[in-house]
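Thank you all for coming; I would like to walk you through one model, piece by piece. Please have the sequence and the structure open while I talk.

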Amino acid sequence: MALLSVRDLHVSYGAIKAVRGISFDINEGEIVTLIGANGAGKSTTLNTVAGLIKPESGTVEFDGASVVGVPAHKVVQRGMALCPEGRRVFTQMSVAENLEMGGYTRSDAENKETLEKVYSHFPRLKERRTQVAGTLSGGEQQMLAMGRALMSRPRLLMLDEPSMGLAPILVQEIFEIVKQLNEAGTTILLVEQNANMALSIADRAYVLEIGTIKKTGTGAELLVDDDVRKAYLGG
Amino acid sequence: MEEELMNKKRPIISTGGRGPAAGEKKRLPMAARYAINAVLVLVVLVIGELMIDGGAITRYQSTVLEQVGVYIILAVSLNIATGYLGQLPLGHAGFMSVGAYGCAIFVMRMGDLLGVGMRDFTTGTPLSILIVIAGLVFGGLCAAIAGVIIGIPALRLKGDYLAIITLAFAEIIRVVMLNIDSVLGFTLTRGAKGLTGIPGYSSFLLVFGCVALVCFLIHTMMKSRHGRAILAIRDNEIAAEASGVNTTYYKTLAFVVSAFFAGVAGGLYAGCIGVLQPAYFGFMKSIEILVMVVLGGMGSMLGSALSATVLTILPEALRAFSEYRMIVYAVVLILVMIFRPQGLLGSYDFSLSRIIERVMNRDFPWKKKAESAAKEAAGEGVSADAER
């Protein structure tokens, strides 16, 4: 049975329909990516699954239970964590405090344990643990946002555009870590505009266009698919 | 109240980030910290009281002091909503007036009921003190209820919209106070004529006891898990929600706590002035309180307290030049905003315990400088040791 299953999801912002009937599944242990151009509805889908936006219709089931209408802070307790777009760190708190906030729903003892794990994935964060988050570089902030999401010990980690605005070398590093996290047992839902990178690490992928799913397949299949190449990978 | 609550350059919570030398650092036990601060507060209260009794402080001066205390509570409580939660409400005077009327009416009615006379309140018989404390709590609760009613719709908005809606609500409260008698058909606030005959129950001890208590409560709240949630919302609401913080709840909580303490301050104000009129609690009063917070530094409790003190005493001290005092007041504000837009103290907060700990560890600024220079020379690089 799928860990997350989304059926016929419709989301609107007022009169504007952002998502028009999307269905997809994520199995335990997979990396699944949603790719597509600006305005395809990728982030909207992710935010809806995370509970930040209420859908117009459709179902979202996580681990067999519906999460539609469950507020975002409760969704975290169910085992889904969202790493929001644009590196939203707590700018005035230190790195360690940011991570502690990520473990807000967990006990102190659990957090101590998870913190070590997060530091092992992101040694850079350990070095900078007393630094104020607002003074970190873009890449470090992205790592911090991911680390913070991991602190809630999610079964499903949702990453919204982790490569946005980062230098290519850092993008590589971030994706390397995503792969590591997946190998360590976290299921990952990745939303990306950098289709090339996303497809190369994904088990399966969905191509979104104007709020609908245009194509689906394994990462490797889509990487060589003519339409996808033309539209998103530059020929 | 004297602990560091937040700081742009230094972390708020020290767990996990104590720096490499955490094990060797001597720290004061929590009990000792509380004891030191409690003793200090008591000493200040006793000295103040002795000076008033001995006549070193005149009656006029002690009345001004009481007002200083009232404004400190107002500024510190508004600081919860502006400095810690990061919102900009403009209706603090509204909550103050609800608390003032609530407390004054409660004290007057209970005084009549239990046969406690005006004089008993000023001399402070045990029963009257009990009534006053109950009255202050009652006033605070009234303000907190108003805070819930206003906060739930208002906090769906942000920035200037929130400012406007809270401003409007405060005006509504003022108009209600003005007209409630004729609507209800019996005497409650006495409308524009003003509520007179309020016993003068506010004394130096009561006011500054409340100041210490309020600062302590706010300090412990901000140090707790709830405080951290509030700070997280200020830093980034979406990230806070995604981390599992119930943002709606905590925004409302911060707003309501802020309103509660404003209500307590209102109650003290009523006992200090003796007459209440809805006109006292107009828009300008809200602005005055906000100015104190902004001038002192948003997020700094000491800053709020200091600027509340200065801005209450300044107009009194300049009374001789009453034509010019508003000019001076305005010029001071303009200068501060030009040269220190983050407020006088920024987000710095004074901590006696931190200073004592520093002395215990012989960790003096000049010594640190030499150390870091040595470190750099040794090629270690300056690691981000936050505890300078």
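This is a predicted model: local features need pLDDT of at least 70, side-chain atom pairs count only at pLDDT 80 or more; totals for chains, interfaces and linings use all residues.

Helices (H or I, at least four residues) and strands (E, at least two) are DSSP runs, numbered from the N terminus, while axes are lines fitted to C-alpha atoms, for helices over the stretch in contact, with angles from 0 to 180 degrees between N-to-C directions. Contact here means that the C-beta atoms of two residues, placed from the backbone, lie within 7 Å.

Residues are numbered from 1 along each chain as its sequence is written, and chains are lettered from A and ligands numbered from 1 in the order in which they are written.

Inside it, E1(A), residues 4-13, and E4(A), residues 57-62, are joined in the antiparallel sense over five bridges, and A:His10 stands opposite A:Ser57 in E4(A).

Chain A also has an open sheet of six strands with mixed pairing, ordered E6-E7-E8-E3-E9-E10. Which strands stand at its edges? They are E6 (80-83) and E10 (212-218) of chain A, each with a single partner strand, so one side of each is left without a neighbour in the sheet. From one strand to the next, the twist averages 15°. E6(A) pairs with E7(A), residues 156-160, in the parallel sense over four bridges, and A:Ala81 stands opposite A:Leu157 in E7(A). Across E6 and E7 of chain A lies helix H6(A), residues 138-150, at about 165° to E6(A).

Now to chain B, where the axes of helix H2 (residues 59-84) and helix H10 come within 8 Å and cross at roughly 170°. Angles over 145 degrees count as roughly antiparallel, under 35 as roughly parallel, 65 to 115 as roughly perpendicular and the rest as oblique, which makes H2(B) roughly antiparallel to H10(B).

A residue is buried if 20 or more other C-beta atoms lie within 10 Å of its own, exposed if 12 or fewer, and partly exposed in between, with C-beta atoms placed from the backbone. Of the 173 residues in this core, A:Met158, B:Ile73 and B:Ala75 touch the most other members, and H10(B) gives the largest share, 16 residues.

Finally, how far does the predictor trust chain B? Its pLDDT, the predictor's confidence in each residue from 0 to 100, averages 81, and 86% of the residues score at least 70. Over residues 1-23 of chain B the pLDDT is below 50. For the complex, the predictor gives an ipTM of 0.85 and a pTM of 0.83.

Note on methods. A nonpolar core is a set of buried Ala, Val, Leu, Ile, Met, Phe, Trp, Tyr and Cys residues joined through C-beta atoms within 7 Å. Two strands pair if DSSP finds at least two bridges between them.
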